Amino acid sequence: MGNRTLEQAFNAVFHKKDSFEGFLTLAREDHIEEFHFKDRKIYRTSKKYKSYLRFLDKVVLRHLAKNSEVVHSYIKQRSVLTAVTAHAGNSAFFLTDIKSFFPNVTTADVERVLSRGKELIPISDFDTHIPYCAQLMTWNDSIPVGFPTSPQLSNAFLFEFDNALLKFCESRGLTYTRYSDDIVISSDDKEALLSLRDSVQELLHTHASPKLLINAEKTRITHIGNKVKILGLIITPDGHVTIDSKYKKTLESILHFYTTDRSRYDDLLSKRFDGKEHSLFGLLHYVKATDSAYLEKLQKKYGVLALKMLMEERWSDKG
């Protein structure tokens, strides 16, 4: 347990630019905006509210327990790529996700997680601030998509579930990773995956919350021989992880015209990316992060200079 109080930690971070009293008395309804994106409620906070949440993320949530062996979301040096690569040596894959995960983590759940981890948090009086911090990190009795604190809270909330499912999988020779609310389990034996749906659901109820359900519509088993697409990436029959072929076709068409016919390039860019080169920039950096061998192939085919030009951040003020 640390010697600093929450107020001392707050003052060390904000350096008198804000008051601890202001933090404790924030009228949250004046600092939050709700909007919809792809049928999901997203919440945007004011700059002040966001700074408070980032403060809690830094001094509180980063210390909470999470299963770093399993979790690949919101952790340094972990990513979608590492979550999928862990399964690349196997031939059969069970895929599911947790239905409406963030909305079903309640304020009471957050209080429980903070209380469970209070000995790990280096704030001497954190006990007294747990109810308020739980209120600050939730809205309408759930952890909202868009709050800076929600990702780390989700990892901490699923700590016991991750431990239980990992133990279950290890005892059966299965590989388990989780990225946010996506669950991936793999094996060399397809038969070993056939009864997983009920087992995962039971562990979710027992070790996370009876409110949580796995998403039946997105639960499936696939295997090498089919197109194995996991978290947007492809595992090839030889165990290589790469991007989807549809992105490769788009990239190679655009790069061909970038090096041979700029007017056709502009036309194709307009059709595929609404004319926004920063979207092409993002796709190329996605390739760099997920399949460096494919990026090298593109460089050899279309030229290192062409790729370098398109991967420079020149479009931050466009679109």
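Helix α8 (residues 159–170) lies across β4 and β5, running at about 155° to β4. I start there, and a few terms are needed before I go on. Lying across here rests on contact, meaning heavy atoms within 4.5 Å. Angles run from 0 to 180 degrees between N-to-C directions, and axes are lines fitted to C-alpha atoms, for helices over the stretch in contact. Helices (H or I, at least four residues) and strands (E, at least two) are DSSP runs, numbered from the N terminus.

This is a predicted model, in which local features need pLDDT of at least 70 and side-chain atom pairs count only at pLDDT 80 or more, while totals for chains, interfaces and linings use all residues. Residues are numbered from 1 along each chain as its sequence is written, and side-chain values use heavy atoms, with hydrogens and water left out.

β4 and β5 belong to an open sheet of four strands, in the order β4-β5-β3-β6, with antiparallel pairing. Two strands count as paired if DSSP finds at least two bridges between them. β4 (175–179) and β6 (220–223) are the edge strands; each has a single partner strand, so one side of each is left without a neighbour in the sheet. On average, neighbouring strands of this sheet are turned by 20° against each other, direction ignored. As a reminder, strands of a sheet pair through backbone hydrogen bonds, either parallel or antiparallel.

Between β4 and β5 (residues 182–187) there are five bridges, and the two strands run antiparallel. Tyr176 has Ile185 in β5 as its bridge partner. The two strands form a hairpin with two residues between them, and Ser180 in the turn has a positive phi of about 55°.

β7 is joined to β8 (residues 233–235) by three bridges, antiparallel, and Val228 stands opposite Ile235 in β8.

Thr250, Leu251, Glu252, Ile254, Leu255, Phe257 and Tyr258 of α10 are buried. Buried means under 20% relative accessible area, exposed over 50%, and partly exposed in between, with a 1.4 Å probe and protein chains only. The cover over these buried residues includes β9 (241–243), α11 (262–273), α12 (277–290), α13 (292–302) and α14 (304–310).

Over to the N-terminal helices. α1 and α3 (residues 47–59) pack at about 115°, with their axes 11 Å apart. Their crossing is right-handed; a crossing is left-handed if the near helix is turned anticlockwise from the far one by less than a right angle, and right-handed if clockwise. From α1, the residues Leu6, Ala9, Phe10, Val13 and Phe14 meet Ser51, Tyr52, Phe55 and Val59 in α3.

Asp18 lies in the loop between α1 (6–14) and α2. Is Asp18 buried or exposed? Asp18 is buried, at a relative accessible area of 17%. The Asp18 side chain makes polar contacts with the side chains of Lys48 (3.1 Å) and Tyr52 (2.8 Å). A polar contact is a pair of N or O atoms within 3.5 Å; within protein, one must be able to donate a hydrogen and the other to accept it, and residues adjacent in sequence count only if both atoms are side-chain atoms. Leaving out residues up to four places away in sequence, Asp18 touches Phe10, Lys48 and Tyr52.

His31 sits in the loop between α2 (20–24) and β1 (32–37). The side chains of His31 and Ser46 are joined by a polar contact of 2.7 Å. With residues up to four places away in sequence not counted, His31 touches Leu26, Arg44, Thr45, Ser46, Lys48 and Tyr49.

Last, the chain overall. There are 14 helices and nine strands. Of the 319 residues, 47% count as buried. The C-alpha trace spans about 65 × 55 × 35 Å along its principal axes. Among contacts between residues at least 6 apart in sequence, 68% join residues at least 24 apart.
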